[in-house]
Amino acid sequence: MGIAELFLKSSFARGVHPVAHKETAGKPIRRMPFAQRLVLPLSQHIGKPSRALVRVGEEVVRGQPIAEADGAMSVPLHAPADGVIEAIGLHVSARGPWTESIVLRVYQGSPQRVAWADPVDPERLDHEQLIAAIQATGMVGLGGAAFPSHLKLGVPVEHPIHTLVVNGCECEPYLTCDHRLMLEYPQDLIAGIRLAMRALGASRAMIGVEDNKVDALIAIRPHLPADGSISVHAVETKYPQGAEKMLIKSLLGQEVPAGGLPMQLGIVVNNVGTLAMLGRLIKSGEGMTERVVTITGPGIAKPGDYWVPIGTPLRDLLAWAGARDCTEREVILGGPMMGQSVASLDVPISKGVSGVLVFDRREAHAPAAKNWPCIHCGACIDACPMGLNPTLLGLLVAKREFEQMAGKYHLGDCFECGCCTYACPSQIPLVQQFRAAKAFLRARASA
Amino acid sequence: MKPTIELRAAPHVHSGISVPVIMRNVVGALLPICAFSVWQYGISAAALILTVTASCLLTERFFSSRTGLGNTLADWSAAITGILLALTLPPNFPLWMGVVAGFIAIALGKSLFGGMGFNPFNPALVGRAFVQGAFPSTIASFVPSYAPQRFTEFVPSTLTAPLMQAADNSAWIGHAAIDAFTGATPLARWKFENFTYSAGDFMTGVVTASAGETSAILILACGVYLAMRRYLDWRIPVAVLGSALILAWAFHLAVPARYPEPVFVLLSGGLMLGAIFMATDMATSPVTPVGVWIYGALIGIVSVVIRYFGGLTEGVMYAILIANAASPLIDQMTQPKVFGARSR
């Protein structure tokens, strides 16, 4: 691959260009110290909650499974530190005020080495064993969806997979954790990609990286295998380039059918952070006990990427990263486009949290409380990567025409990327309205 | 003070381009055109622009506070209507008639439908269409540009007493001692005398017409600025001017003696102001990517057809109003293709 190819790239249509704010990209990943207490919700993934294996008062070592997968649609949970189980009960989490959680009091004097591991040679595992080994790591999609990795990589046999698309776009503004992982752990990434290719039976893997991270492309390239089965490609820096369907369009020129999944085209998409972590964990036989989190935003004194133990409460994390004193602030888990703001600093970091973003009042582009009537400018239509008509959907939601939205105007294809709301000059909370409409339709369908 | 946490729905960032920002920039882009008009026509033009705009703002304030919308002046949209309306009127238009035009524009063109975003027709053109019907002779009478006394004396018709016929301007025009003044707009001279102006005449403003018609190049420059800042949809003026140009060119090639040069069609009349500032009114134009091209082409074609075959000298206003009426239908017929949908 020549230098010229870095500048020759196809892309999906529409989308938006928010200011990147990737200020933390230049700083190496640092380690966050262990908090006094770690809070570990049993449901940090999509699927069935894990089942606790420990009792209150029990001592655990770092890496020890403290909860097991409850069936195939679940993942285990590992102790992120040496310590003692202090409580098992309801605790506030990003999912809501009361989530079943294990509270671990950390032994501060402990060296915190991973003491529970079962190293295997992944090359010797057959398909079943490999999927089981992936499930045993407790890995979920680290890009934010938190979908169990063993399910994502254990595609049903009726869908033969030929291509693994590796998402290194990190199109959300502010976030740099995937960027740093690509720079600092390219071997782990390639190991993870090989594993995933074996699990899927895919013959090739394509890594897509936005062209504002050329250093990551250069860092990965020397580690690519000589047989050309893994390739790395620059894609346009544009939000939401990291969305599965958008990246497939950009890399392969194919459109996943509306309402369909990439596997129907023989493609599976995985995020670089997930694969780098998987490459690391399978080899050493460890469970997932920590992840890289970008902590940044105008309200943070020491912004950067950190290895954060799973379960670290936001309060401790922000104290360490130096959250500035301000009377009003917004704390967001994830990126500014799709992240969720939290109501309490007692919320812990869970497996799917890629970033913690603190906005204070000075954040200039925060949507104002004020909004105006729709002026039919069409900015949302020019932004929507899915080719929907958010103008019309927004008018229909006001009339509570939910069925028409879902039927004639493809509400189900909206994946809530937020482009329409970002672009709307009337600052109408379109995505929020669409979420409400979908929730209404779901409630009606299940009633 | 105890820190508080704010909860907001994603996305937590915004492009920064809000309604008042767009509208304020459009107003800003109209100011050079206003300044040029005042340079050409003096204090009468200034008084007309201020009066019509004030009429629009007061009407907007009156209705918005009474319909529970609060103070909507801050969104700047009423100011745009006022300035645009003033630019479509003769600079010597009686001020009281300007007040009527401004009131009708906002009251019937906008507030009646629920305010900004809900109006089916461009409010400025609704006001203009009303006074065209109400005062047909006054709206067609002009004074010459660059009259020497334009900065010291009002044109008599400007200060016509309310509810009275427009005062006679012949003495004022005579005083200006301008040779060969016809008082007809370029389009009227073309239609009735088969006389065409050169492109240069439009750039310097020596032609006689309403303020918005005399500065096509300046309007184009302001439009390019707005399009580059993404405050207006460039596709609409390109479609309007492009379709008008192609049609005019075809006519000119067929019968050169009868039909003027295409560039005359683009620069004369209200086509440039209409294409850039009125056809692009967001509330009244389609939203779909295909729809805006159809809408723009419709305006360009209807404008030329009215000019060439209609009884009126100028058709841009009606072309835009017709296209406004068609735009919901255009939208309905040009829904965007959903990602991953089988091609229709």
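Arg8(B) pairs with Glu330(A) in a salt bridge, with 2.6 Å between the closest N and O atoms. This is a predicted model. The rule finds 3 salt bridges across the interface of chain B and chain A. The two chains bury about 4,200 Å² between them.

**Interface: extent**

- The contact draws on 62 residues of chain A and 41 residues of chain B.
- Carbon and sulfur atoms account for 61% of the area that chain B and chain A bury between them.
- Three residues, His12(B), His14(B) and Phe339(B), supply 20% of the area that chain B buries against chain A.

**Interface: polar links and make-up**

- Polar contacts join 18 residue pairs across the interface of chain B and chain A, with both residues at pLDDT 80 or more.
- On the side of chain B that touches chain A, strand S1 (4-5) and helix H1 (19-41) of chain B are the elements that give two or more residues.
- H1(B) gives the largest share of that side, 4 residues.
- By class, the side of chain B that touches chain A has 23 nonpolar, 12 polar and 6 charged residues.

**Largest cavity**

- The rule counts 3 cavities of 30 Å³ or more.
- The largest cavity holds about 340 Å³ of space.
- It is lined by 24 residues. Closest to its centre are Met23(B), Ile80(B), Phe277(B), Asp281(B) and Met282(B).
- Four helices of chain B each supply at least two lining residues: H1, H3 (77-88), H5 (123-134) and H12 (271-278).
- H3(B) provides the largest share of this lining, 4 residues.
- The lining of the largest cavity divides into 16 nonpolar, 6 polar and 2 charged residues.

**Second largest pocket**

- The second largest pocket has about 810 Å³ of space.
- Its lining comprises 31 residues. Ala379(A), Asp382(A), Ala423(A), Ile17(B) and Arg230(B) are the closest to its centre.
- Helices from both chains each give at least two residues to this lining: H9 (379-383) and H12 (419-423) of chain A, and H10 (235-254) of chain B.
- H9(A) contributes the largest share of the lining, 3 residues.
- The lining of the second largest pocket has 17 nonpolar, 7 polar and 7 charged residues.

Notes:
Residues are numbered from 1 along each chain as its sequence is written. Chains are lettered from A and ligands numbered from 1 in the order in which they are written. This is a predicted model: local features need pLDDT of at least 70, side-chain atom pairs count only at pLDDT 80 or more; totals for chains, interfaces and linings use all residues. Side-chain values use heavy atoms; hydrogens and water are left out. Contact means heavy atoms within 4.5 Å. Buried area is the accessible area (1.4 Å probe) that two parts lose on being put together, summed over both. A salt bridge is a side-chain nitrogen of Lys or Arg within 4 Å of a carboxyl oxygen of Asp or Glu. A polar contact is a pair of N or O atoms within 3.5 Å; within protein, one must be able to donate a hydrogen and the other to accept it, and residues adjacent in sequence count only if both atoms are side-chain atoms. Ala, Val, Leu, Ile, Met, Phe, Trp, Tyr, Cys and Pro count as nonpolar, Asp, Glu, Lys and Arg as charged, and the others, Gly among them, as polar. On a 1 Å grid over the protein atoms alone, a cavity is a set of points where a 1.4 Å probe fits but cannot get out, and a pocket is an open set with protein on both sides within 12 Å along at least five of seven lines; lining residues have an atom within 4 Å of a point. Grid points are joined across faces, edges and corners, and a volume is the space filled by probe spheres set on the points.
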